[in-house]
Each structure stands twice: as C-alpha cells, then as structure tokens.
Amino acid sequence: MSVDAVMHTEFPEGYTVFFGVDGKVLMTPQSFERSSTIKSLQYDTIVSLGRHAKTPSDVYLDFPADENSAPDLAILREDAQRQGTRYSFEDVLLIAEVVSVSSARKDYDDCTAKYGRYGIPIYAIVDPYAAEVVVHTEPTGSGYVTVRTHKYGTGRLPIELADGRTFTIDLDELPRPETG
C-alpha cells in the first residue's frame, strides 16, 4: 500500500492499524472485551441461523454517498448477492456494533442516525461496559422509533428478522470486562 493510499484511507474506528514492511496492513480490535463480544455474537449467529448464514463481521458494506461501513456484525438476507466485491446495505436485516471505550459516541449517536436513515430494519448496540444490549427497530430518516434495552444476564433475547428467521442473543453468555 503506498503512502498516498494510506494517507487517504479511513480505517474503521475501534481498530489498531499496523503497517508491515512487506506492504501488508494489519488491523486488530483494540480491546479484549470487544473481540470477545464479537466472537460471542458470531457464535450466536451460528446457533440461531446456521453455519452458512450470511453474517459478515468487519466487512465493508456499500451505503450511498460514500458512507460505507464495516459493522462488527451484519446479518444479510439469505438471497443477498454481492455487487462487485461487496454486499449492499439493502441486503442487511440487522447490524450489531460492539461498544469500545473509543467508539461509544459513534455507536450510540452517529450509527443510530446513519443506519436508521438508510432503513436498516434492526440496529443493536452491544455494550459490555454498561452490560446491556440496546435494540433499535422501526427506522426513520433520523434514527429509530422503537428502542428497547436488555440487560446482560437476563436469558435469551430472540430478535425476529424481516425474512422470518430469528436471531437469538444469549445475554447470559456475553462477556463482561474483567475487573481488577
């Protein structure tokens, strides 16, 4: 990757970016809590939707007006087809973002407005520091009409997707930050 390309690349928030001497760009989540939470959500997608469900994690999705996103987890329609090398925001049934210390404002404010504006049916904010999952439904031009908060440790949270499938988050198994 050239220096010019690096200077004009917007890397996703919540990542540490390393540049190898061989030109490779390595990105890694900033916190153990975030990484563990994403892994837990990915496990829940396999249990709920099956091994071959289209559930990209940290993969760019095309949005209009160069507002592309690489959400922590997306659940796509079963019949979603790539347009070039990416899927479209129109294929998305659910997006989940995991809060990190540096991404809280973006996840709670900016992403809520953006995903609502583009009609993402369900936007879930998974916050290991507040030990809660905030589920937004009924998108509008500026956010979402309905917001429900579910505390960690309160069992299973079934989320009905627009295509009739159910994605269930196991709130008892979401990792919490270690104290010490």
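Q: Which residues are linked in a network of salt bridges here?
A: Arg77, Asp79 and Asp91 are linked that way. Keep in mind that this is a predicted model.

Q: Okay, and how many salt bridges turn up in the whole structure?
A: A search of the whole structure gives 9 salt bridges. As background, side chains of opposite charge can pair when their charged atoms come close.

Q: What does Arg34 form a salt bridge with?
A: Arg34 pairs with Asp72, and their closest N and O atoms are 2.3 Å apart. The two sit in distant parts of the chain, 38 residues apart. Arg34 belongs to helix α2 (residues 32-49), while Asp72 is in the loop between β3 (61-62) and β4 (73-76).

Q: Is Arg34 buried or exposed? And what about Asp72, buried or exposed?
A: Arg34 is buried, with a relative accessible area of 3%. Asp72 is buried too, with a relative accessible area of 3%. Both count as buried because their values are under 20%.

Q: What about Lys151, which residue does it form a salt bridge with?
A: That one is Glu132, with the closest N and O atoms 3.3 Å apart. Lys151 lies in strand β9 (residues 143-151) and Glu132 in strand β8 (residues 132-140), so the pair ties together parts that are 19 residues apart in sequence.

Q: How does Lys151 count, buried or partly exposed?
A: Lys151 is partly exposed, at 43% relative accessibility. Glu132, on the other hand, is buried at 15%.

Q: Switching topic: what order do the strands of the open sheet have?
A: The order is β4-β6-β7-β8-β9, which makes 5 strands with mixed pairing. In general, strands of a sheet pair through backbone hydrogen bonds, either parallel or antiparallel.

Q: Which strands of that sheet stand at the edges?
A: Those are β4 and β9. Each has a single partner strand, so one side of each is left without a neighbour in the sheet. On average, neighbouring strands are turned by 15° against each other, direction ignored.

Q: How many bridges join β7 to β8?
A: There are 6 bridges between β7 (residues 122-127) and β8, and the two strands run antiparallel. Zooming in, Ile122 has Thr137 in β8 as its bridge partner.

Q: And which helix packs on the sheet?
A: Helix α3 (residues 104-117) does, touching β6 (92-98), β7, β8 and β9. Its direction makes about 165° with that of β7.

Notes:
Residues numbered from 1 in each chain as written. Predicted model: local features only at pLDDT ≥ 70, side-chain atom pairs only at ≥ 80, totals over all residues. Heavy atoms only, no water. Salt bridge = Lys/Arg side-chain N within 4 Å of Asp/Glu carboxyl O. Helix = DSSP H or I, 4+ residues; strand = E, 2+ residues; numbered from the N terminus. Buried < 20%, exposed > 50% of the residue type's maximum accessible area, 1.4 Å probe, protein only. Pairing = 2+ DSSP bridges. Axes fitted to C-alpha atoms, helices over the stretch in contact; angles between N-to-C directions. Contact = heavy atoms within 4.5 Å.
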